[in-house]
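Dear colleague,

Please find below the structure that I am handing over to you. My findings follow directly after it.

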Amino acid sequence: MQRMRGGTWLVLCSFFLAFIMVAVPCRAESRVTVSPKTVRVCLAQDLQTRDFYVQGKYRLVGQGGELIAAVQPGERWQAVFSGGRIQFFKNGQLVGTHSGPAGLQQDKPLLAVLGGSGAVKNAALDAGIQAVGADGQAKQLKIGPGGIIVAGASGTPVARGGGDLHLVSLSAGGRSQSYRGNMEFRVQAGGITVINELPLEEYLYGVLPREMPAFWPLEAQKAQAVAARSYALAQLGAYRPHGFDLMATQQSQVYGGYNAEHPISSRAVDETRGQVMLYREKPISAYFHSSSGGHIENCQDVWREAVDYIKSRPDPYDKNPNHYNWEATYSQEQLVNQLKEKKGYFNRTGEPEKIFSRVDDVKILERTSSGTRVKKIIIEGQDSGGKPLKVELYNADAVRGALGLKSSLFEIKKETGSGGALKSLTMKGSGFGHGLGMSQYGAFGMASQGYSYQDILKYYYYNVQVGLARER
């Protein structure tokens with residue numbers, strides 16, 4: 001932001017910091033994509049009831065923005081699904097019943113900026129903060145530990161605004177979880193869907209410590225921050241019919257809200273603010289996993305469709321004692337039960353369910369292009385009626401999921417009994433996860449050897465650029 005020349009201004013402000021998005025300069029190779037100010041994250045679905053309370057001032061509003069009630073700290077609130085509608089209770093008393101979405105919105109007082117003549121000047125909050133003086137130039141505004149700092153022409157602070165923390169806490173079973181931003185309650189067929197709407201960067205504060213340990217090297221965490229930001233932007237719209245952008249689980253990225261935040265993880269987010277990976281000028285779906293086992297894969301080998309920026313290559317940086325040389329053994333009965341539990345993997349084209357009552361053999365038919373992971377297997381045995389049953393299972397992630405393994409990088413050892421009947425099946429392997437994109441342990445290894453987060457990202461994602469997204 002530019003400094004304004006001359007004049008002493010007074011700032012009168014009290015508003016919530018989570019709604020302020022201020023661009024922080026950072027190194028980038030391009031500025032070719034646009035990110036939203038906020039994301040909508042589904043925290044829970046099909047709830048019959050949920051208690052909540054707030055820190056800071058909020059308003060409970062209806063679908064059209066009409067005020068239902070002011071919500072103050074110390075009050076105990078409850079949303080209850082009843083007859084296809086939501087009932088809201090305050091300290092045990094019914095406040096209102098609504099069929100459409102209703103939500104908690106922060107009270108957001110205006111920022112007033114007075115010029116030297118006492119006239120009110122502009123203060124735009126939506127695209128960051130910009131105070132415009134009589135000469136039409138911007139006044140310098142910074143975010144400090146106490147909120148907004150307004151600096152004069154010399155750079156000396158002349159006023160400070162409030163930076164109080166606003167949170168919504170959801171509680172159930174004696175446990176509570178707090179979240180920044182706004183909260184929405186939507187009526188769905190099976191109950192209430194709870195959606196947290198908040199700035200993208202603050203969403204990442206709650207993602208990073210859940211996806212990578214906060215004590216890991218900072219450059220590895222920066223790589224994770226850029227990957228998580230890229231993935232979030234690439235996935236926007238995936239759940240639009242349901243009214244949100246992302247899930248708070250591994251279906252999108254694990255999001256733990258305010259309680260999960262850690263200062264070092266937040267630093268990694270802040271120091272890469274707005275940066276994403278781009279392929280053909282679009283944010284990429286930056287898939288990542290815990291441990292590659294020594295190789296990362298082509299996307300079409302693990303799932304079905306090819307992705308140009310997810311390519312197979314050796315991963316010499318991923319070396320850890322946690323996910324190498326693991327072993328999983330199933331007896332005949334355990335194997336049958338495992339396949340029954342995961343029977344959905346055998347019904348991907350709409351045919352009747354295929355349930356094994358006995359397994360006679362499991363054979364590896366094909367491996368991935370790296371030659372390490374199992375891409376295709378055939379399972380032979382008998383169905384519930386005693387008839388012969390053969391099922392081919394592919395691609396690599398379906399094999400991993402059906403057999404309940406840490407990864408699809410494994411070898412098979414069989415133990416047979418009398419007459420050659422399969423007695424047990426042992427899989428020995430390495431790695432944890434699907435094996436696509438960035439290995440988190442590999443990022444740890446590269447960062448420990450002095451590589452930057454840009455180096456890490458460009459190793460695990462093929463032909464991408466690290467660019468700075470512009471907010472809209």
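This is a predicted model: local features need pLDDT of at least 70, side-chain atom pairs count only at pLDDT 80 or more; totals for chains, interfaces and linings use all residues.

Glu184 belongs to strand β20 (residues 182-188) and Arg40 to strand β3, so the pair ties together parts that are 144 residues apart in sequence. Through shared partners, salt bridges join Arg40, Glu184, Arg186 and Glu197 into one network.

Strands β3 and β20 both belong to an open sheet of seven strands with mixed pairing, in the order β6-β5-β10-β20-β21-β3-β22. Its edge strands, β6 (67-71) and β22 (246-247), each pair on one side only. β22 runs parallel to β3 (residues 38-47), and two bridges join them; Cys42 has Met247 in β22 as its bridge partner. Helix α1 (residues 200-211) packs on the sheet, where it touches β3, β21 (191-199) and β22. The direction of α1 makes about 110° with that of β21.

Two further salt bridges deserve mention. Glu297 and Arg373 meet at 3.1 Å, N to O, and both are buried. Glu380 and Lys363 meet at 3.8 Å, N to O. This pair ties together strands β30 and β29, at positions 17 residues apart in sequence. Glu380, at 17% relative accessibility, counts as buried, whereas Lys363, at 36%, counts as partly exposed.

As for the chain overall, it holds eight helices and 36 strands, and 53% of its 472 residues count as buried. The whole structure contains 23 salt bridges.

With kind regards

Terms used
Residues are numbered from 1 along each chain as its sequence is written. Side-chain values use heavy atoms; hydrogens and water are left out. Two strands pair if DSSP finds at least two bridges between them. Helices (H or I, at least four residues) and strands (E, at least two) are DSSP runs, numbered from the N terminus. Contact means heavy atoms within 4.5 Å. Axes are lines fitted to C-alpha atoms, for helices over the stretch in contact, and angles run from 0 to 180 degrees between N-to-C directions. Buried means under 20% relative accessible area, exposed over 50%, partly exposed in between (1.4 Å probe, protein chains only). A salt bridge is a side-chain nitrogen of Lys or Arg within 4 Å of a carboxyl oxygen of Asp or Glu.
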